[in-house]
Amino acid sequence: MVDELKKVKKCYGCGAVMQSETKDEVGYVPAKKLSSEEEVFLCERCFKTHHYGADHLKEPVITHDFLALIESARKKNAIFVYVVDIFTFESSFNLDINEALHDLDVILVANKVDLLPRSTNKEKLEAYVLRHARNANLKVKQVILTSSTKNYNIDEVMKAIKATKNKNDVYFIGSVSSGKSSLIKTLLRNFENVTSRYITTSIYPNTTIAVQEIPITETRTIYDTPGISISNSLLGVAEKEVIKLIVPRREIKARTYQISPNQSILIGGLARLDYLEGPYAPFTFYFADTVKIMRTNLARADRTFENIVKTKKTAPISALVTSLKDLDAYEFNTYEDRKYDVAWNGYGFVSFKGSGKKIRIYAPKGVAISYNESKI
């Protein structure tokens, strides 16, 4: 069995899942407070920010050099294009990136929209992204849904850049999972570069960061900044062979299961969902088609999971998970009659609807989970 069962509670300030293990990580509250019956409260970091103006992370995702780069761009009145991966939105829409950009004008590009089913309501999806951006206090000028592989809405990105009042440089910011550099390459294929300047890669002044400089006019440059590593995502901790399996290459085929209470869904050798209480209901899983999904009875779930991991009779298999002891368990109840998403950072997500459900989900230790209103 897993070492500990965690009741999922979220900070109403930053939205992070509460935890009491690591004081210097997001979502920390003392164990006594986390185990209390109180439903709504702030994590320790947000509490200090709200009440004392204090904010500290021991090892931020954004380095001092990256902050120096952003500060330099700010002084130049630059344009910021923030690229996120819409499929693994919770992973790439990162708290530390949001904080670094919170008072700057941002064009928010939600990339990889082609991975979601074609039936996805794009207006709803755009509203979802904008709502999260506003909750993060970002000054978003425009949200653009794109696909670099399908050349979808790429011209809209350039139009948005050209429509800004200033004519200064453009900085593309995003996590390693966002497809940022691929988007820039697609954008440049659509854009006629008539300058006499050349594309170069150099160390950004006063930092150790290597930045690609792409001239788009004689005086204006796109800066492709390095992708920022996300440590609580499978994309940041799993082996390269595993990442190749979990990153979708084409449109996701939603897999829907009608699940009864006391049934369990095993998601490869990395995750699991147990349906503990509630009515017979559909759950729709959005994962790469190379991820195997298996349904089993809850009474047999532990034994089945251990067996398929040890015998490697599923995919993906990772050294991160050799038994149930390598998983953390999170449990929560639904109280509103609306559609929910539960996401494993960098892996995929499941959607379901309705109140009165009790769910337990498992994730590799160190990999964040989230639950929100559904994006599709």
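**View 1. Ser178 and the backbone of Lys180.** A polar atom of the Ser178 side chain lies 3.4 Å from the backbone nitrogen of Lys180. A polar contact is a pair of N or O atoms within 3.5 Å; within protein, one must be able to donate a hydrogen and the other to accept it, and residues adjacent in sequence count only if both atoms are side-chain atoms. This is a predicted model: local features need pLDDT of at least 70, side-chain atom pairs count only at pLDDT 80 or more, and totals for chains, interfaces and linings use all residues. Residues are numbered from 1 along each chain as its sequence is written, and side-chain values use heavy atoms, with hydrogens and water left out. Ser178 sits in the loop between S5 and H8. Helices (H or I, at least four residues) and strands (E, at least two) are DSSP runs, numbered from the N terminus. Ser178 is buried, at a relative accessible area of 0%. Buried means under 20% relative accessible area, exposed over 50%, partly exposed in between (1.4 Å probe, protein chains only). Leaving aside residues up to four places away in sequence, Ser178 touches Val83, Val84, Asp85, Asn111 and Lys112. Contact means heavy atoms within 4.5 Å.

**View 2. The seven-stranded open sheet.** The strand order is S4-S3-S2-S5-S8-S7-S6, with mixed pairing. Two strands pair if DSSP finds at least two bridges between them. Strand S4 (139–145) and strand S6 (200–203) are the edges, each pairing on one side only. From one strand to the next, the twist averages 25 degrees. Strand S3 (residues 105–111) runs parallel to S4, joined by six bridges. Asp105 has Lys139 in S4 as its bridge partner. H7 packs on this sheet and touches strand S2 (79–85), S3, S4 and strand S5 (170–174). The direction of H7 makes about 160 degrees with that of S4. H8 also packs on the sheet, touching S2, S3, S5, strand S7 (210–215) and strand S8 (221–224). The direction of H8 makes about 145 degrees with that of S5.

**View 3. Helix H7 against helix H8.** The axes of H7 (residues 154–163) and H8 (residues 180–190) come within 9 Å and cross at roughly 80 degrees. Axes are lines fitted to C-alpha atoms, for helices over the stretch in contact, and angles run from 0 to 180 degrees between N-to-C directions. H7 and H8 are therefore roughly perpendicular (65 to 115 degrees). H7 contributes Ile154, Asp155, Val157 and Met158 to the contact. H8 contributes Leu183, Thr186, Leu187 and Asn190. Five of these residues are nonpolar, two polar and one charged. Ala, Val, Leu, Ile, Met, Phe, Trp, Tyr, Cys and Pro count as nonpolar, Asp, Glu, Lys and Arg as charged, and the others, Gly among them, as polar.

**View 4. The S10–S11 hairpin and its link to S17.** Strand S10 (residues 263–267) and S11 form a hairpin with three residues between them. In the turn, Gly268 has a positive phi of about 60 degrees. Five bridges join S10 to S11 in an antiparallel arrangement. Ser264 is partnered by Asp274 in S11. Strand S11 (residues 271–277) is mostly covered, with six of its seven residues buried. S11 also runs antiparallel to S17, again over five bridges. Here Arg272 has Tyr362 of S17 as its bridge partner.

**View 5. Strand S14 beside S17.** S14 and strand S17 (residues 358–364) pair antiparallel over seven bridges. Leu327 stands opposite Pro364 in S17. Six of the seven residues of S14 (residues 327–333) are buried, so the strand is largely enclosed by the rest of the structure.

Technical notes. Parallel < 35°, antiparallel > 145°, perpendicular 65-115°, else oblique.
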